[in-house]
Amino acid sequence: MFVTLNGNGSLQQQVYEGLRRAILESRLGPRARLPSTRSLARELGVSRNTVLAAYDQLLAEGYVVGRVGSGTYVAAELPDAMLAARRAEPSARESGAPQPRLSTYGERVRRVDPLDVPGTSRTHPAPARLHYDFRYGTPSVEEFPHETWRRLLARRARRASVHSLGYGRPEGEPVLREAIADYLRRARAVDCRAEQVIVVQGSQQALDLVARLLVDPGDVVVVEDPAYQGARKIFLAAGGRLVAAPVDGEGADLSHLPPEADAARLVYVTPSHQFPTGATMSLCRRLELLGFAERTSAYVVEDDYDSEFRYEGRPVESVQGLDRRGRVVYVGTFSKVLFPALRVGYLVLPEPLVPIVSAAKWLADRHTATLEQEVLADFIAGGHFERHLRRARAHNAARRAALLEALAEHLGDRAVVSGANAGVHLLVWLPGVPAGAAPDLVAAAARAGVGVYPVAPYYLNPPNTAGLLLGYASLTESEIRQGIRRLAQVIAARG
């Protein structure tokens with residue numbers, strides 16, 4: 001039990017005051033059993049007689065009661081005078097706790113409020129239950145091969161060595177770095193060696209490390225418009241000045257950037273499946289992007305967050321695979337294809353950046369959990385990862401088809417779909433519905449049990465038309481059809 005001896009008065013008085021505070025502050029509630037005098041004396045390093053005397057004083061004043069053969073307990077009801085005196089003392093919450101003095105970085109974090117992101121529970125408090133939640137970014141964890149993962153985890157745990165249980169390498173375990181590099185060379189045409197791979201705690205940490213190391217306050221960062229808010233807010237927290245590159249059907253367009261963009265330190269893009277519009281960056285735009293990076297000495301941050309899922313056309317080569325000047329930082333994650341709680345992502349870096357990013361990773365959290373890295377490496381090496389991907393692609397392709405069919409059936413020409421050829425979400429524009437009506441529409445859908453999310457917050461320059469972001473990976477085909485039917489009813493009811 002935690003009792004503080006404050007050094008004021010005799011030891012008996014200090015023990016008494018500590019216990020009295022614990023009772024009045026409800027850390028020891030009514031009828032709670034006090035520790036034995038012997039154990040408390042041992043814990044506090046005082047004599048048992050000192051604790052006995054403190055207990056006797058509490059007993060005499062009515063704070064506690066003694067039960068023969070059972071122990072000492074807090075009184076069930078304290079005298080009104082004691083409670084009144086306690087109520088008269090202002091709590092820290094009532095009196096107003098002092099506001100913390102933050103660093104300039106802390107002030108920027110407070111201003112950008114990274115937890116205020118569309119789709120989070122704080123931004124969109126959920127009603128009692130969303131029967132059909134089209135939340136983006138949540139895979140179907142029911143379809144993950146749990147038994148295979150448990151078996152690999154148990155085997156690694158049984159064979160855990162001193163290395164597995166000690167501190168790991170900040171850049172990640174060699175066996176996983178090699179597995180990631182091998183997979184990326186085959187599946188994404190990423191030109192890399194294992195030594196260029198840094199294992200991190202998801203793509204969010206990857207972006208944070210890059211921003212901390214490459215962006216000073218006031219530096220220009222070119223971002224897609226619209227863009228993933230988790231990245232945008234990281235760059236703002238680092239003090240970056242954001243310059244918008246508008247997105248069209250060919251991805252981010254850098255041809256009409258203002259002159260200040262020539263001082264850019266970073267260009268952030270999602271070229272394989274632009275978030276949130278779903279556009280695929282054309283080869284011409286990719287080459288223009290690399291030319292811009294070389295001309296301005298900027299780094300390109302290629303966030304390849306869900307390229308594993310593509311349903312139409314040939315796989316698109318990564319921008320990193322086209323880079324010949326070492327200007328691209330490639331970011332990937334396992335959260336969207338395995339399960340978010342794994343918290344494993346990776347960076348593929350130009351070689352000069354590897355040692356400094358490794359050092360920053362060590363300073364941030366020393367290393368990513370070793371056991372999970374080893375299990376993931378086994379999962380990839382055993383072929384389980386790519387088998388799971390094949391199954392997930394098939395399931396998500398069926399969900400996508402069900403969503404497109406339901407949108408066509410229930411909304412028809414009232415909806416225009418964007419970005420359906422890849423990923424696990426699509427964007428639905430509602431012609432004739434002003435962007436300002438989207439929040440009320442989202443709220444009405446939620447009351448009908450349907451979770452949908454407005455696209456406007458992802459824009460630096462918001463659109464005039466309402467758009468809804470629909471993720472489908474965690475829903476069944478039946479749930480998708482029912483959810484869109486209800487959404488159509490909500491839209492129709494609003495005229």
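**View 1. Surroundings of Phe134 in the predicted model.** Leaving aside neighbours within four places in sequence, Phe134 is in contact (heavy atoms within 4.5 Å) with Leu403, Val450, Gly451, Val452, Tyr453, Leu469, Leu470, Gly471, Leu475, Ile480, Gly483 and Ile484. This is a predicted model, in which local features need pLDDT of at least 70 and side-chain atom pairs count only at pLDDT 80 or more, while totals for chains, interfaces and linings use all residues. Residues are numbered from 1 along each chain as its sequence is written, and side-chain values use heavy atoms, with hydrogens and water left out.

**View 2. The nonpolar cores.** A nonpolar core is a set of buried Ala, Val, Leu, Ile, Met, Phe, Trp, Tyr and Cys residues joined through side-chain atoms within 4.5 Å, where buried means under 20% relative accessible area, exposed over 50% and partly exposed in between (1.4 Å probe, protein chains only). The largest such core has 72 residues, and those with the most contacts inside it are Phe134, Phe334, Leu338, Leu376 and Leu470. Helix α16 gives the most to this core, with seven residues. A second, separate core of 27 residues includes Val210, Ala211, Ala231 and Val301.

View 3. Helices (H or I, at least four residues) and strands (E, at least two) are DSSP runs, numbered from the N terminus, and two strands pair if DSSP finds at least two bridges between them. Four strands form an open, antiparallel sheet in the order β12-β13-β16-β15. Because β12 (416–418) and β15 (453–454) stand at the edges with a single partner strand each, one side of each is left without a neighbour in the sheet. Strand β15 pairs with β16 (residues 465–471) in the antiparallel sense over two bridges, and Tyr453 stands opposite Leu469 in β16. Helix α16 (residues 384–410) lies across β12, β13 (425–434) and β16, running at about 15° to β13; axes are lines fitted to C-alpha atoms, for helices over the stretch in contact, and angles run from 0 to 180 degrees between N-to-C directions.

View 4. Eight strands form an open sheet of mixed pairing in the order β4-β11-β10-β9-β8-β5-β6-β7. Strand β4 pairs with β11 (residues 345–348) in the antiparallel sense over four bridges, and the bridge partner of Val200 in β11 is Gly345. Helix α12 (residues 283–296) lies across β6 (241–248), β7, β8 (264–269), β9 (299–303) and β10 (328–333), running at about 160° to β8.
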